[in-house]
Amino acid sequence: MTNLSKISLIISIIIMVIFFTTQSLLVFNFIKYIDEIGYFGYACFLAFLPFFGVVVLEYLKRNKKGKERSLYVKKLNETLISQSHNSLFYEGDTTEGAKVLTKEVSDSIGADRCSIWLYNKDKTAIICEQLYIKSEDAWHQNITLYKKDFRPYFLSLLINPIIIANDAETHSATSCFTEGYLKPLGVKSMLDVPVVYRGETIGVICIESLTLREWDKVEVDFAQLLSSLYTFAYSVKEGNDLSRRNKETEKFLNTAAIISITDNKGKITYVNDKFEEVSGWTLKEVMGKDHSIVNSDTQPEGYWGKMYQTVMKGEIWNDVVTNKSKSGEFYYVDTYIKARFDKDGKLEGFSSIRQDVTDLKKKEVEIRNRMNAINKSNAVIEFDLNGNIIFANELFLNTMGYSTIDEVVGKHHSMFIDEEHSKSDEYRLFWDKLKGGTLFTGEVNRIKKDGSLVYLQATYNPIVGLDGKIYRIMKIATDITSSYEQRREIEKKNTYLEHAAKILRHDMHSGINTYMPRGLNSLERRLKPEDITDLKIEAPIRMIKEGLKHSQKVYKGVYEFTNLVKKDVVLNKTECNLKDILNDYLSSTAYSSQVIIDELPTIEVNEALFCTAIDNLIRNGLKYNDSDTKFVKINSDKSYLYIQDNGRGITQEDFNHLCKPYTRKEGQKESGTGLGLNICVAILEEHGFEITCEKNEIGTKMKIKIK
């Protein structure tokens with residue numbers, strides 16, 4: 001009610017009181033009627049009408065506004081109801097939901113602009129989620145207002161988050177927007193209500209008018225209810241995001257980890273897909289059973305009791321456990337077990353997360369076995385980057401003549417070399433390269449505890465840590481002192497052999513190809529045919545000729561073989577039919593009748609050397625043969641040449657052993673140097689052929705791969 005209507009009502013009441021008082025005095029004859037009293041009553045009536053009319057008009061006006069307000073409130077309520085049924089909010093789609101909400105607010109409340117703003121993470125700015133401009137019927141996003149630019153506004157949001165700015169340019173919270181926001185956009189009035197989520201303001205809903213406007217309480221309440229609706233949508237969105245993350249986490253765990261849950265009695269209530277995959281047991285099969293179903297029974301006595309004691313203290317128990325699958329195979333799991341308690345501390349059950357480390361465990365065992373094998377067969381020693389000894393295995397100590405590891409640990413590698421070499425640039429460079437990551441492998445000589453030399457085939461390995469940096473040096477060595485000395489002896493003998501080859505090539509050539517043929521020809525010229533007959537020397541002369549012919553062939557082989565001693569020499573080969581050259585080579589031998597040769601291929605060989613090698617195999621087949629009917633058969637297929645005898649037979653293992661120089665079989669009654677087979681294999685390998693053998697029920701079958 002306005003002041004005017006209040007005054008009019010009071011005056012109207014006073015006039016009516018005076019009028020009714022006068023009339024009452026007349027009725028009860030307290031005063032007598034005179035014309036002046038009649039005029040006075042009429043005057044009161046006339047005076048009453050305008051003041052009463054003001055009251056009536058005010059009432060009618062108020063009644064009209066009440067109906068309009070009622071309709072307005074109804075409209076706002078309908079908007080709230082319609083938005084409360086907006087499926088976008090229930091789906092957590094705040095982006096599209098905010099579009100619908102801002103447009104509905106602008107239409108229903110008669111505002112020109114409506115927007116939703118959300119704080120950034122550190123609340124130094126608010127970012128526009130959606131801004132609806134009615135005149136454009138369009139939305140805008142991602143406008144940012146910074147706290148440093150509008151401190152009064154951000155401060156007001158903290159102190160009194162509902163901002164009712166009827167005149168935005170003069171309001172303490174919004175006046176900071178005047179020059180940069182209000183005037184350029186023509187905004188006159190603002191109504192901002194907070195968006196609160198979990199008791200914390202996360203943003204504001206801002207309603208703006210381009211005309212000065214007094215915001216009604218019902219409009220403020222309306223805006224707050226809309227804020228609550230948006231908060232609900234935001235919570236659904238957060239819930240959906242959380243659910244999605246939980247599903248992703250569950251999927252990740254199901255993929256990467258074995259999970260099982262039990263009740264307080266240890267009975268399984270849940271296992272995940274990974275458990276089923278690794279163990280072979282399904283959830284249906286293990287439900288209600290305890291974990292003994294996967295127990296491998298390899299744990300020591302009291303193992304699980306210690307686990308139980310740990311988890312009942314509220315601690316997490318961890319160890320790598322050996323389990324057994326449904327099929328009976330062992331698998332290894334890095335296991336974490338935790339007990340679950342309710343708010344009163346009562347045990348609810350147990351949760352277990354396991355990581356399948358079977359492959360890692362197998363690799364660990366494999367590496368350990370390899371290291372054990374290396375330690376058993378090799379001398380191993382480790383150094384820090386300065387060359388100080390940090391470990392040496394027993395074989396290394398034995399090799400170097402030490403009794404205990406304490407004799408070497410902490411000392412420098414230089415203890416194994418002479419003093420002069422330890423001070424050399426070569427030795428310093430050796431360690432610099434190792435520290436730089438350069439692997440060294442080769443033969444080295446080192447000084448033993450007693451001062452004697454030991455020769456080692458050694459590898460110095462720089463060991464790299466997880467950070468990619470070298471942190472130690474491991475040396476793996478084999479004592480080759482015996483083979484080194486043997487090699488030196490062989491090299492010395494090879495030197496003799498090389499000189500002998502040169503002498504043989506010269507002197508044999510002179511004897512076999514010059515003096516003997518001349519002497520034989522001279523003898524034949526001096527002997528008449530009748531003398532040969534009378535002296536009965538025809539057969540001896542023929543045998544001498546055949547022997548000379550065979551010796552010349554052997555010499556040619558020796559010549560070709562000793563020729564290979566020369567550096568960078570290439571084996572001379574021609575295309576030969578193997579059957580023809582072997583028949584020719586064997587024709588002058590005493591054992592040619594014991595050799596059976598089938599059809600053989602034509603290939604490139606050095607005739608003299610090839611025949612020499614095959615002849616050696618033939619003679620071995622006949623020599624190491626206890627049969628009454630000794631024979632050697634030679635045949636072939638597309639890829640192999642086969643030499644079969646009916647002798648004692650040797651295995652591939654024996655063959656490999658006998659191929660070594662100067663090697664003879666233990667207890668062998670036949671004489672020999674132990675070089676024939678070694679030279680034979682060398683000739684075939686020089687041709688690019690491979691030779692193997694197999695022991696049959698009768699004799700040996702040599703197989704020469706020629707293609």
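**Exercise 1.** Determine which strands and which helix each supply at least two residues of the lining of the second largest pocket, and classify the lining residues.

*Solution.* The elements in question are strand S8 (258-263), helix H10 (303-311), strand S10 (317-324), strand S11 (330-341) and strand S12 (347-356). Helices (H or I, at least four residues) and strands (E, at least two) are DSSP runs, numbered from the N terminus. S12 provides the largest share of this lining, four residues. The space in the pocket amounts to about 410 Å³. Of its 21 lining residues, His291, Trp304, Met307, Ile337 and Arg354 are the closest to the centre. By class, the lining has eight nonpolar, 10 polar and three charged residues. Here Ala, Val, Leu, Ile, Met, Phe, Trp, Tyr, Cys and Pro count as nonpolar, Asp, Glu, Lys and Arg as charged, and the others, Gly among them, as polar.

The model is predicted: local features need pLDDT of at least 70, side-chain atom pairs count only at pLDDT 80 or more, and totals for chains, interfaces and linings use all residues. Residues are numbered from 1 along each chain as its sequence is written, and side-chain values use heavy atoms, with hydrogens and water left out.

**Exercise 2.** Describe the largest cavity by its volume and its lining.

*Solution.* On a 1 Å grid over the protein atoms alone, a cavity is a set of points where a 1.4 Å probe fits but cannot get out, whereas a pocket is an open set with protein on both sides within 12 Å along at least five of seven lines; lining residues have an atom within 4 Å of a point. Grid points are joined across faces, edges and corners, and a volume is the space filled by probe spheres set on the points. The structure contains one cavity of 30 Å³ or more, and the volume of the largest cavity is about 80 Å³. Its lining includes Trp117, Ile126, Asp192 and Glu208. At least two lining residues come from each of strand S6 (189-197) and strand S7 (200-209), and S7 gives the most, with three. The lining divides into nine nonpolar, no polar and two charged residues.

**Exercise 3.** How are helices H18 and H19 oriented to one another, and which residues meet?

*Solution.* The axes of H18 (residues 578-586) and H19 (residues 607-623) come within 10 Å and cross at roughly 70°. Axes are lines fitted to C-alpha atoms, for helices over the stretch in contact, and angles run from 0 to 180 degrees between N-to-C directions. H18 is therefore roughly perpendicular to H19. Angles under 35 degrees count as roughly parallel, over 145 as roughly antiparallel, 65 to 115 as roughly perpendicular and the rest as oblique. Leu578, Ile581, Leu582, Tyr585 and Leu586 in H18 meet residues of H19 including Phe610, Ile614 and Ile618, where contact means heavy atoms within 4.5 Å.

**Exercise 4.** What is the orientation of H4 relative to H7?

*Solution.* The axes of helix H4 (residues 94-109) and helix H7 (residues 217-256) come within 11 Å, crossing at roughly 170°. H4 is therefore roughly antiparallel to H7. Among the residues that meet are Leu101 and Val105 in H4 and Phe222 and Leu226 in H7. The classes in this contact are nine nonpolar, two polar and two charged.
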